[in-house]
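Please keep the sequence and the structure in view while reading.

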Amino acid sequence: MPGNAGTEQTTTVIIGTGLSGLAVAAELRRRGVDSIVVDGLDILGAAQPANTASLQRCDAADSANLRERNEILRHLRNYAASHDVDVRNTTRAVQLTKVDATSTGRGVPQWEVHTPTGILVADHIVLTRCAHSQLRRMINDFGISVGRNLVAAMRAIGIYLVGVGELITPSPKEVLRQAKTVGQAISAKVNPENPALPYTGSLAILPC
């Protein structure tokens with residue numbers, strides 16, 4: 001069960017410490033947006049257990065693809081270490097709950113990511129593992145109408161997807177593209193008057 005050792009507030013919680021999670025964390029760091037990266041989610045929604053490890057079928061990556069992925073991952077880890085990105089490899093998200101907008105007084109919901117050692121409260125959540133069918137169930141469990149556009153419905157409540165495919169895992173370059181898009185979207189919400197804040201640091205491995 002989630003612990004109650006303490007509550008931390010941040011702008012974004014990224015669930016997943018692999019390539020996708022580190023890529024979006026790097027984008028947010030470059031844009032001056034705070035984030036905390038934790039390991040994968042075992043439970044989606046308020047109470048429904050879900051084993052996400054078996055939900056995503058990976059494509060058969062060839063050796064060149066694996067080399068590219070490992071090289072990018074190495075760069076991202078170095079960037080995270082040298083730019084003080086808050087990556088908590090030993091902290092696992094075990095539950096995600098929505099804080100009602102009326103109780104926050106901010107007009108928008110906040111999210112609580114429960115971990116064995118405490119609760120992380122954030123305005124934005126980035127998920128890097130899950131099947132679309134399970135995401136729809138999670139959104140429905142929160143009492144939110146999904147409609148046809150799952151991604152739009154999730155973004156409206158502050159949940160973003162990076163590296164999530166229905167049947168196959170996106171290529172490393174596609175993951176980086178998604179991370180950049182999500183980084184821009186979150187940054188624009190955090191800094192609506194100046195969404196194009198200058199980057200801090202550099203990460204040459206990220207393509208335009």
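## Helices α1 and α2

Where α1 meets α2, the residues in contact are Leu19, Leu22, Ala23, Ala26, Arg29 and Arg30 on the α1 side, and Arg69, Ile72, Leu73, Leu76, Arg77 and Tyr79 on the α2 side. Sorted by class, this contact has eight nonpolar residues, four charged residues and no polar ones. The model is a predicted one, and the descriptions that follow should be read with that in mind.

Two packed helices are described by the angle between their axes and by the distance between those axes. For α1 and α2 the angle is about 45° and the axes are 10 Å apart, which makes α1 oblique to α2. The crossing in which α1 passes α2 is left-handed.

## The chain as a whole

The protein chain has six helices and seven strands, and from the N terminus on its elements run β-α-β-α-β-β-α-β-β-α-α-β-α. Of its 208 residues, 49% count as buried. Among contacts between residues at least 6 apart in sequence, 69% join residues that are at least 24 apart.

## Helices α1 and α6

Helix α1, which covers residues 19-30, also packs against helix α6, which covers residues 172-190; their axes come within 8 Å and cross at roughly 40°. The two helices are therefore oblique to each other, and α1 passes α6 in a right-handed crossing.

From α1, the residues Leu19, Ser20, Ala23, Val24, Glu27 and Leu28 take part in this contact, and they meet Pro172, Val175, Leu176, Ala179, Lys180, Val182, Gly183 and Ile186 of α6. The residues of the contact divide into ten nonpolar, two polar and two charged. An α-helix has 3.6 residues a turn, so residues three or four places apart point the same way.

The buried residues of α6 are Pro172, Val175, Leu176, Gln178, Ala179, Val182, Gly183, Ala185, Ile186 and Ser187. What covers these buried residues includes the helices α1, α2 and α5, together with the strands β1, β6 and β7.

Helix α2 packs against α6 at an angle of about 35°, with the two axes 9 Å apart. This contact is made by Asn65, Glu68, Arg69 and Ile72 of α2 and by Pro172, Lys173 and Leu176 of α6, and by class it has three nonpolar, one polar and three charged residues.

## Two single residues

Most residues other than glycine have a negative phi. Asp84, however, has a positive phi of about 55° although it is not a glycine.

Ala153 is found in helix α5. Because its relative accessibility is 12%, and buried means under 20%, Ala153 counts as buried. Ala153 and Arg136 are 17 residues apart in sequence, and their C-alpha atoms are 9.6 Å apart in space.

Conventions: Residues numbered from 1 in each chain as written. Predicted model: local features only at pLDDT ≥ 70, side-chain atom pairs only at ≥ 80, totals over all residues. Heavy atoms only, no water. Axes fitted to C-alpha atoms, helices over the stretch in contact; angles between N-to-C directions. Helix = DSSP H or I, 4+ residues; strand = E, 2+ residues; numbered from the N terminus. Parallel < 35°, antiparallel > 145°, perpendicular 65-115°, else oblique. Left-handed = near helix turned anticlockwise from the far one by under 90°. Contact = heavy atoms within 4.5 Å. Nonpolar A, V, L, I, M, F, W, Y, C, P; charged D, E, K, R; others polar. Buried < 20%, exposed > 50% of the residue type's maximum accessible area, 1.4 Å probe, protein only.
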